[in-house]
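User: I would like to go through some side-chain contacts in a structure, step by step. Could you take my questions in turn?

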Number of protein chains: 2
Amino acid sequence: MPKIDLDSIEQLNRTGYPPPFDRDVAGRFVRRLSPATGLTDFGVSHVILKPGAWSSQRHWHDGEDEFLIMLSGEALLAEDDGTTVLRAGDCAAWPKGSTNGHHVRNESEEDCSFIVMGGGTNTGGGYSDIDMLFTADNRYVHKDGTPY
Amino acid sequence: MPKIDLDSIEQLNRTGYPPPFDRDVAGRFVRRLSPATGLTDFGVSHVILKPGAWSSQRHWHDGEDEFLIMLSGEALLAEDDGTTVLRAGDCAAWPKGSTNGHHVRNESEEDCSFIVMGGGTNTGGGYSDIDMLFTADNRYVHKDGTPY
């Protein structure tokens, strides 16, 4: 196929996060590019963050590698050891299994956008700053295992 | 880890293509980001094409999905049914198994750059415009199976 017509792909603005953790991603708009283009070997999403929005709660994956490429605007990448500004063309990689949680957040006055991809198998993972884990069957639980 | 320091990653300018097919990729400079960052679930490369250079011979993969994100400059995406110009932020996806061969080439006067990723398992593939196949064990052969 020729280049992807992003405008033709639905933007999703939902989250499964329980309150109040859903509020931080309220300004996140996601286009899932893999199902739209027939890819099955990895997941690719196009993400727009409105000013103030986060990509996710700061998290890690036990079984899935992640890779991000900044497309436009400016985002702040936060990890255990601090923050890094990402601008168009900047890339970041998060190997599965590292418990150094990451997310990006838009602290600028303009929209920012990026591509993020994930591979491997969901075997669960954790959140660095809140009392939450995600499970291999895509549920959110407290760190003691009780459900939200 | 914070953003990837691209300058710290070696640029590779080699190809296994037999002559004369190697000439078209002589101006291709590749940084392999997955081994440099500890990713194993998919391959990610940063590629610079000098003016006149091709990303590859026009090809397809039988067992590997591919995805490309244009970072800078201008490239021409060529497929069976024609060409499309790609500029920064444009994306293209090639599901494994489609025999609609693809490549990008730099017909501009300036360098262009992109990120390309691949997943799945190499089970071989083909080339659209030349008498060549690649095999599951990474050899180049004629379409009748004889080696180069």
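**Rings and sulfurs in a predicted model**

Analyst: In this predicted model, B:Tyr127 has a relative accessible area of 3%, and B:Tyr127 is therefore buried.

User: Which kind of aromatic pair do B:Tyr127 and B:Tyr140 form?

Analyst: B:Tyr127 lies in strand E10 of chain B and B:Tyr140 in strand E12 of chain B, so the pair ties together parts that are 13 residues apart in sequence. B:Tyr140, at 25% relative accessibility, counts as partly exposed. The ring centres of B:Tyr127 and B:Tyr140 are 6.5 Å apart with 50° between the planes, and the pair is described as tilted.

User: How many residues apart in sequence are the parts that B:Phe21 and B:Tyr148 tie together?

Analyst: The rings of B:Phe21 and B:Tyr148 form an edge-to-face pair, with 6.0 Å from centre to centre and 80° between the planes. B:Phe21 is buried at a relative accessible area of 14%, whereas B:Tyr148 is partly exposed at 38%. Because B:Phe21 lies in the segment before strand E1 of chain B and B:Tyr148 in the segment after strand E12 of chain B, the parts tied together are apart in sequence by 127 residues.

User: How many disulfides does a search of the whole structure find?

Analyst: A disulfide needs two cysteine sulfur atoms within 2.5 Å. The closest cysteine sulfur to that of A:Cys112 is in A:Cys91, and because the distance is 15 Å, it is too far for a bond. In chain B, the sulfur of B:Cys112 is likewise 15 Å from the closest cysteine sulfur, in B:Cys91, which is too far for a bond. Over all chains, the number of disulfides found is zero.

Notes: Residues numbered from 1 in each chain as written. Chains lettered and ligands numbered in written order. Predicted model: local features only at pLDDT ≥ 70, side-chain atom pairs only at ≥ 80, totals over all residues. Heavy atoms only, no water. Phe/Tyr/Trp six-rings, centres within 6.5 Å; stacked < 30°, edge-to-face > 60°. Helix = DSSP H or I, 4+ residues; strand = E, 2+ residues; numbered from the N terminus. Buried < 20%, exposed > 50% of the residue type's maximum accessible area, 1.4 Å probe, protein only.
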